[in-house]
Amino acid sequence: MAMPSLTFLPQPPTSFCHCLPSSSSSPSSSARVFIPCNTKAILQPSQSHRKRSLVLNSSVDQVSITDPPPPPPPFSGNGGPASFDLIASLKFNLLSAVSGLNRGLAATEDDLQKADAAAKELEAVGGPVDLTLNLDKLQGRWKLIYSSAFSSRTLGGSRPGPPTGRLLPITLGQVFQRIDILSKDFDNIAEVQLGAPWPLPPVEVTATLAHKFELIGSSKIKIIFEKTTVKTTGHLAQLPPFEIPRIPDVLRPPSNTGSGDFEVTYVDEDTRITRGDRGELRVFVIS
């Protein structure tokens with residue numbers, strides 16, 4: 001069996017009080033190596049014995065054999081220790097709970113409860129979010145895959161918004177949030193299809209609600225509305241974009257102040273969960 005190599009940390013020798021067998025190839029060899037009492041000798045294992053380390057510390061006259069420290073646990077997107085497999089499983093459960101709900105427009109009360117429960121499990125395992133250290137995790141274009149507010153059958157959720165239904169046929173397409181942490185731009189982008197009388201085709205537009213944002217505390221985001229820009233797409237894509245005039249603040253209803261806030265309750269490299277100031281649960285994936 002390969003013997004450990006011997007390494008000396010030189011100090012002025014005084015006396016010899018420890019002896020170890022030499023690394024002679026002969027098992028019957030009686031040669032000894034004497035080590036000064038005030039010298040620390042560290043025995044390092046050979047290539048085939050790296051799992052353990054033998055340390056001889058002559059200053060305290062003891063020999064200890066220790067296992068290498070275990071690798072650190074993996075970290076969740078929120079910075080706390082968590083199993084990667086557990087996080088992946090909980091994210092899968094959440095995405096399964098909200099799939100097929102048309103971003104929440106088709107959600108029943110039972111669907112709302114299941115989605116909320118799945119989100120809370122992921123939030124609990126992920127731990128508290130601290131954006132003061134990880135604001136860059138917000139950067140990018142995020143696709144909305146679920147909003148509990150849409151179950152109200154209006155595009156504004158608990159706030160005023162155009163209704164969805166047969167009287168005013170509006171079909172909601174993809175919804176995105178585009179966040180730039182350097183310029184503090186926060187844009188809500190919605191693809192909408194507006195019904196038109198037969199035989200005219202529906203009008204397809206992309207509405208961009210531009211905001212500025214600021215971080216409040218460690219995980220709360222405040223957004224301040226600036227303007228709404230509409231751009232036609234489809235067969236009217238050649239038309240230039242136009243800006244919808246902003247309603248003067250004195251004419252705004254109290255429920256539509258043009259600003260709001262929400263808390264980021266979970267975020268990692270591809271998934272984000274937020275809770276709005278009116279209890280809205282929203283789930284995003286990176287686009």
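Where in the chain is Pro240 placed? Pro240 sits in the loop between strand E11 (220-233) and strand E12 (242-244); strands here are DSSP runs of at least two residues, labelled E and numbered from the N terminus.

Hi everyone, a quick word on the model before we go on. This is a predicted model, where local features need pLDDT of at least 70 and side-chain atom pairs count only at pLDDT 80 or more, while totals for chains, interfaces and linings use all residues. Residues are numbered from 1 along each chain as its sequence is written, and side-chain values use heavy atoms, with hydrogens and water left out.

Back to Pro240. Its relative accessibility is 59%, so Pro240 counts as exposed; exposed means over 50% relative accessible area, buried means under 20%, and partly exposed lies in between, using a 1.4 Å probe and protein chains only. From Pro240 to Val230, 10 residues apart in sequence, the C-alpha distance is 9.0 Å.

Now please find Leu144, in strand E7 (residues 140-147). Leu144 has a relative accessible area of 4%, so this residue is buried. Leaving aside residues up to four places away in sequence, Leu144 touches Arg103, Phe150, Val175, Arg282, Val283 and Phe284 (contact means heavy atoms within 4.5 Å). Val175 is 31 residues away along the chain, yet its C-alpha atom is 5.5 Å from that of Leu144.

Last stop: Asp268, in the loop between strand E13 (259-267) and strand E14 (271-276). Asp268 is buried too, at 4%. Its side chain makes polar contacts with the side chains of Lys91, at 3.0 Å, and Tyr266, at 2.7 Å. A polar contact is a pair of N or O atoms within 3.5 Å; within protein, one must be able to donate a hydrogen and the other to accept it, and residues adjacent in sequence count only if both atoms are side-chain atoms.

Notes. Helices (H or I, at least four residues) and strands (E, at least two) are DSSP runs, numbered from the N terminus.
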